Amino acid sequence: MNKTAKGPLSRLLAAPHILWSVLFILIPLAFVAFYAFTDNDLHFTLTHISEFFTPKYLGVFLRSVKLAAIATVICLVIGYPAAYFISRTSPNAQKVLVVLIMLPMWTNFIIRTYALSEVLEVINNAIVYLLSLLPESLVPIALDPKPDIVIYNETAVVVGMVYDFLPYMILPIYSVMSKLDYRLVEAAQDLGCNGFGVLRKVVLPLSIPGVLSGITMVFVPSISTFYISNQLGGIFLIGDIIDYYYYNNNHHFAAALSFVLMLILLAGLILMNRFGDDEKEGKR
Amino acid sequence: MNDNVLVRLKGVSKAFDGEPVLRSIDLDIHDKEFVTLLGPSGCGKTTTLRIIGGFVSPDSGDVEFSGQRINDVPAYKRHVNTVFQRYALFPHLNVYENIAFGLKVQKVKKDEIDRRVKEMLELVNLKGFEKRHVGNLSGGQQQRVAIARALINRPKLLLLDEPLGALDLKLRKDMQKELKRIQRETGITFIYVTHDQEEALSMSDTVVVMADGAIQQIGSPTDIYNEPINAFVADFIGESNILDGTMPCDFKAKVAGHVFDCLDSGFAPGEKVDVVIRPEDVDVVDVKNGMLIGTVSGVTFKGDYYEIIVDVQGFKWMLETSDFVAEGQTIGLHIQPDAIHVMKKSEYSGKFGDYSTFSDEMDHLSDVVEEEE
């Protein structure tokens, strides 16, 4: 059944992409690896790598993991039902809804994030104003100086991640669900499943591949983001640290941080896909 | 068969996007009966089945199950199971888990599930396939899993939607016998949807012939074949020569200028009728002994007989004969009284039963298209 690309022509078709990958992915990656293991005199060293595992940077890393994980879970909770809903509408409605989901992606994400910071500022002001209307004894926090409730904190960062990356959760799940054979749903109903049973026993297990790719596509950019955290949260995540050292002429340490982050993500992805394969094929 | 009505449809109608698919269907299905809904694609047979299964709700009319109106009972609460067209097995589950699905939903105890799955695997001849992934099974094996998955719930009624459509001819014949055996052994009422008239005739207790969203005829396979009610049924069930005729009086039918003796009566004198004569009921004789005279215009060897097309006064008849006749030969046709079936004129009169445009290849092609639907 598998059609493997063989023969000179199909190889030729892949040539532009291979060239591109070598020039802009493989060679730069080799540089990252090289820089990560060398000092300013280009001598081999593990100092930079091992510095990643000092409490200071490990703390930042774990905070990044935490926020990215929270954002991914929220995206999943919002995105999964949304994808299910879209896949159950009429074909024409589906087209419109998918375009609507993708619409925000047509704006550059830095501009979007900047705009979001303004929106959060307004919401923050509104909340503070509403709190000020309450009797003082009921308000748990001091309103002067103006508190940051939904901005310049971790909450804002998570909101930003969800805001920017939600479409990447919805679209792969939707794509799997829209291909789901509706007769399987009918078969499950026929065998006694109510709506919830159909979801749990048929739709959910069959949409796992979409969920896994959605998780990947939200978690990976979330954990390595550097703009959202800074602009919305005023906090430093691992991406910001890399950004900082890179622009402050410590390329070797920046490369080391990137390299370790990359390895950890890679390990995570392999683990997750192994789990996904088990779901699909482990029951042979 | 007995007089217990298990399913009753009363005036059931359904339209999709304003297009009527069912026009006021009335149908009784008896307990332990093997009923086939037979008709060409688009005749409403699958919609009828889906209404009984609970996947489509009728626009008007009532669906009764064991005397209870079940229009508003959702599919998952009905004591009915379905074998879907192309099986619809769960791809993420193995054979065992597919078959056990319904019992797990009902939270049946594990050892009872084990026992009943084993029983089912034996019934459908799939012992030892428990752990196999359904994607790795052949069409026939998937079919058996689908049947076991439905039957394990011990439904009172099993719905089968063109279950053999995707199988090759040999396998289809085997599965027909097997389905019949399973139906007899389990005593479950089967409603079977197909467009294959041979399948319908060989398996069913009762055949329901449908066309254009309406039931044309209900009867036993022999009734349907021997006493078709109109030109549509006569044409759809087997091959038929359908001619315009008149009934000058009872027991006489005038066709192609010849007055034949027949067994039909009760028509108005001189009433215009459709007359059906089956290809195998016409004897080929010498010209001098012929009631009708015709010229052979086509001969096809069919193995145990020849199928010939005979031009009689411009109308092309199809005949089956075991003796060879050559193309261009002039022959006589002899027809016994019991071979003549007289039908009232209907909306289908004149549409079927002339073999002037007949070709084997065309017939074959249209079969294929139907299976791909």
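How many residues does the contact take from chain B, and how many from chain A? It takes 18 residues from chain B and 18 residues from chain A. Contact here means that the C-beta atoms of two residues, placed from the backbone, lie within 7 Å.

This is a predicted model, in which local features need pLDDT of at least 70, side-chain atom pairs count only at pLDDT 80 or more, and totals for chains, interfaces and linings use all residues. Residues are numbered from 1 along each chain as its sequence is written, while chains are lettered from A and ligands numbered from 1 in the order in which they are written.

**The side of chain B that touches chain A**

Two elements of chain B give two or more residues to this side: β6 (80–83) and α2 (95–105). The largest share, three residues, comes from α2(B). Helices (H or I, at least four residues) and strands (E, at least two) are DSSP runs, numbered from the N terminus. By class, this side of chain B has eight nonpolar, nine polar and one charged residues. Ala, Val, Leu, Ile, Met, Phe, Trp, Tyr, Cys and Pro count as nonpolar; Asp, Glu, Lys and Arg count as charged; the others, Gly among them, count as polar.

**Chain A**

Chain A has twelve helices and zero strands. The C-alpha trace of chain A spans about 70 × 60 × 35 Å along its principal axes. Of its 284 residues, 28% count as buried. A residue is buried if 20 or more other C-beta atoms lie within 10 Å of its own, exposed if 12 or fewer, and partly exposed in between, with C-beta atoms placed from the backbone. Take the contacts in chain A between residues at least 6 apart in sequence: 75% of them join residues at least 24 apart.

Helix α11 (residues 238–247) of chain A has these buried residues: A:Ile238, A:Gly239, A:Asp240 and A:Ile241. A:Asn249 follows α11(A) and has a positive phi, near 60 degrees.

**Helix pairs**

One pair from each chain is set out here.

| Helix pair | Angle between axes | Axis separation |
|---|---|---|
| α3 (residues 55–88) and α6 (residues 154–178) of chain A | about 40 degrees | 6 Å |
| α4 (residues 139–151) and α5 of chain B | roughly 15 degrees | within 12 Å |

Axes are lines fitted to C-alpha atoms, for helices over the stretch in contact, and angles run from 0 to 180 degrees between N-to-C directions. Angles under 35 degrees count as roughly parallel, over 145 as roughly antiparallel, 65 to 115 as roughly perpendicular and the rest as oblique.

α3(A) and α6(A) are therefore oblique to each other. α3(A) passes α6(A) in a right-handed crossing. A crossing is right-handed if the near helix is turned clockwise from the far one by less than a right angle, and left-handed if anticlockwise. By class, the contact of α3(A) with α6(A) has 24 nonpolar, three polar and one charged residues.

In chain B, the angle between α4(B) and α5(B) is roughly 15 degrees. That makes α4(B) roughly parallel to α5(B). α4(B) passes α5(B) in a right-handed crossing. α4(B) brings B:Gly140, B:Gln143, B:Ile147 and B:Leu151 to the contact, and α5(B) brings B:Leu171, B:Met175, B:Ile182 and B:Thr186. The classes are five nonpolar, three polar and no charged residues.

B:Met175 sits in helix α5 (residues 169–186) of chain B. Is B:Met175 buried or exposed? B:Met175 is buried, because 20 other C-beta atoms lie within 10 Å. Leaving out residues up to four places away in sequence, B:Met175 touches B:Gly140, B:Gln143, B:Leu164 and B:Leu167. B:Gln143 is 32 residues from B:Met175 in sequence and 8.9 Å from it in space, C-alpha to C-alpha.

Helix α1 (residues 45–53) of chain B has eight of its nine residues buried, so it is largely enclosed by the rest of the structure. Among the buried residues of α1(B) are B:Lys45, B:Leu49 and B:Ile52. Just after α1(B), B:Gly54 takes a positive phi of about 95 degrees.

**Domains of chain B**

Chain B is assigned domain 1 (5–226) and domain 2 (231–372). Such bounds come from an automatic or database domain assignment. The centres of the two domains, taken over C-alpha atoms, are 35 Å apart. Their contact takes ten residues from domain 1 of chain B and seven residues from domain 2 of chain B. On the domain 1 side, β9 (206–211), β10 (214–219) and α7 (221–226) of chain B each supply at least two residues. That side has four nonpolar, six polar and no charged residues.
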